[in-house]
Amino acid sequence: MHDTLVIIPTYNEVENLEPMVGRILAANGTVDVLVVDDSSPDGTGDLADELAERHPEVHVLHRAVKDGLGGAYLAGFAWGLEQGYGALVEMDADGSHQPEQLPLLLAQLVDHDLVLGSRWVPGGSVVNWSRRRELLSRGGNLYTRLALGIDVRDATGGYRVFSAAALRRVDLAHVASQGYCFQVDLLWRALERELRVVEVPITFVERVHGESKMSGSIVSESLALVTWWGVRRRAAAIGAVVRHGRRLPSVRALSHRVLPPVGATAEQ
């Protein structure tokens, strides 16, 4: 058993899973992989079992229900923490997240609690995205920054590394959000608890096989929850001033930094 666990949620990813697992193991010699499959009807779960038989680093968690990305990651986190892993990685199964960049993210865990692979910081990029999708992502992240009062440029990205200690501090038992808002939820909890967060530039590549799980309902859920979290934070800030005569610590000022592009010498 290695110290790092890469968690890959799957639903109908039979064309992507084997190449992705192969790339992860080839690029990272000291990680294990957990495939969390939500009873995929296309045989993804069976393929995951075959990969686990061939590779001792690969494990499989079969779930009988499909309750969204958040539910799959929470199940994977619980499994990884129980097994005693020190670092837990979120990674998509569709090839969007480059396993070859994982060492850059893992290196930052020495000084941080949560490492974000970021598309929207200098050095980050997306490949094969339409202009509409890029505007939707950038706009969603801008709204999230304004509503929550944070500086994180890519709050919705799903390529992340958590320390085990960080996951224990963010109160996973009370995370209720699903879909892609799950990513904002975990980040917001981390910032509220003053965890050390860093953004590392990554290249995000649009999937070749299969269909994106993004939908209108996911976007609506995200907007509604982000708005509510922002309102609740501001209400708490006002209450702190009225009742105690003091201000809450600024979430914007909490520990967050951006790693410069590889080879850059800009000041941190």
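## Close-up views of a predicted model

**View 1. N128, an exposed residue in a loop.** N128 counts as exposed, because its relative accessibility is 63%, and exposed here means over 50%. To find N128, look in the loop that joins β6 (125–127) to α5 (131–148). What is phi of N128 near? Phi of N128 is near 70°, a positive value in a residue other than glycine. Please keep in mind, here and in every other view, that this is a predicted model.

**View 2. D171, another loop residue with a positive phi.** D171 belongs to the loop between α6 (164–169) and α7 (181–192). Its phi is near 60°, again a positive value in a residue other than glycine. Is D171 buried, partly exposed or exposed? With a relative accessibility of 29%, D171 counts as partly exposed, because that class covers values between the 20% limit for buried and the 50% limit for exposed.

**View 3. The chain as a whole.** Of its 268 residues, 49% are buried. Now think about which parts of the chain touch one another. Among the contacts with a separation of 6 or more, 80% are between residues 24 or more positions apart.

**View 4. Helix α1 beside helix α2.** Helix α1 covers residues 14–27 and helix α2 covers residues 44–54. Their axes come within 9 Å and cross at roughly 20°. That makes α1 roughly parallel to α2, because angles under 35 degrees are put in that class. The crossing of α1 past α2 is right-handed. Which residues meet here? From α1 come V14, L17, E18 and V21, and from α2 come T44, L47, A48, L51 and R54. Sorted by class, the residues of this contact are six nonpolar, one polar and two charged.

**View 5. L17, a buried residue of α1.** L17 sits in helix α1. L17 is buried, because its relative accessible area is 0%. Leaving out residues up to four places away in sequence, which residues does L17 touch? They are T10, V35, T44, L47, A48 and L51. L17 and G95 are 78 residues apart along the chain, and 8.7 Å separates their C-alpha atoms.

**View 6. Helix α3 from end to end.** Helix α3 runs over residues 68–83, 16 residues in total. From its first C-alpha to its last, α3 reaches 23 Å, close to the 22 Å expected at 1.5 Å a residue. Which residues of α3 are buried? They are L69, G70, G71, A72, Y73, L74, G76, F77, G80 and L81. Just after α3 comes G84, with a positive phi of about 95°.

**View 7. Helix α3 crossing helix α7.** Two packed helices are described by the angle between their axes and the distance between the axes. For α3 and α7, the axes come within 8 Å and cross at roughly 50°. That makes α3 oblique to α7. On the α3 side, L69, G70, Y73, L74 and F77 take part, and they meet F182, Q183 and L186 of α7. This contact has six nonpolar residues, two polar ones and no charged residues.

**View 8. Helix α5 from end to end.** Helix α5 has 18 residues. Its first and last C-alpha atoms are 26 Å apart, close to the 26 Å expected at 1.5 Å a residue. The buried residues of α5 are E134, S137, N141, T144, R145, A147 and L148. Just after α5, G149 takes a positive phi of about 70°.

**View 9. G157, a buried residue in a loop.** G157 is found in the loop between α5 and β7 (160–163). Is G157 buried or exposed? At 5% relative accessibility, G157 counts as buried, because buried means under 20%. Setting aside neighbours within four places in sequence, G157 is in contact with R119 and Q183. G157 and W120 are 37 residues apart along the chain, and their C-alpha atoms are separated by 9.5 Å.

Note on methods:
Residues are numbered from 1 along each chain as its sequence is written. This is a predicted model: local features need pLDDT of at least 70, side-chain atom pairs count only at pLDDT 80 or more; totals for chains, interfaces and linings use all residues. Side-chain values use heavy atoms; hydrogens and water are left out. Axes are lines fitted to C-alpha atoms, for helices over the stretch in contact, and angles run from 0 to 180 degrees between N-to-C directions. Helices (H or I, at least four residues) and strands (E, at least two) are DSSP runs, numbered from the N terminus. Angles under 35 degrees count as roughly parallel, over 145 as roughly antiparallel, 65 to 115 as roughly perpendicular and the rest as oblique. A crossing is left-handed if the near helix is turned anticlockwise from the far one by less than a right angle, and right-handed if clockwise. Contact means heavy atoms within 4.5 Å. Ala, Val, Leu, Ile, Met, Phe, Trp, Tyr, Cys and Pro count as nonpolar, Asp, Glu, Lys and Arg as charged, and the others, Gly among them, as polar. The expected span of a helix is 1.5 Å times one less than its number of residues. Buried means under 20% relative accessible area, exposed over 50%, partly exposed in between (1.4 Å probe, protein chains only).
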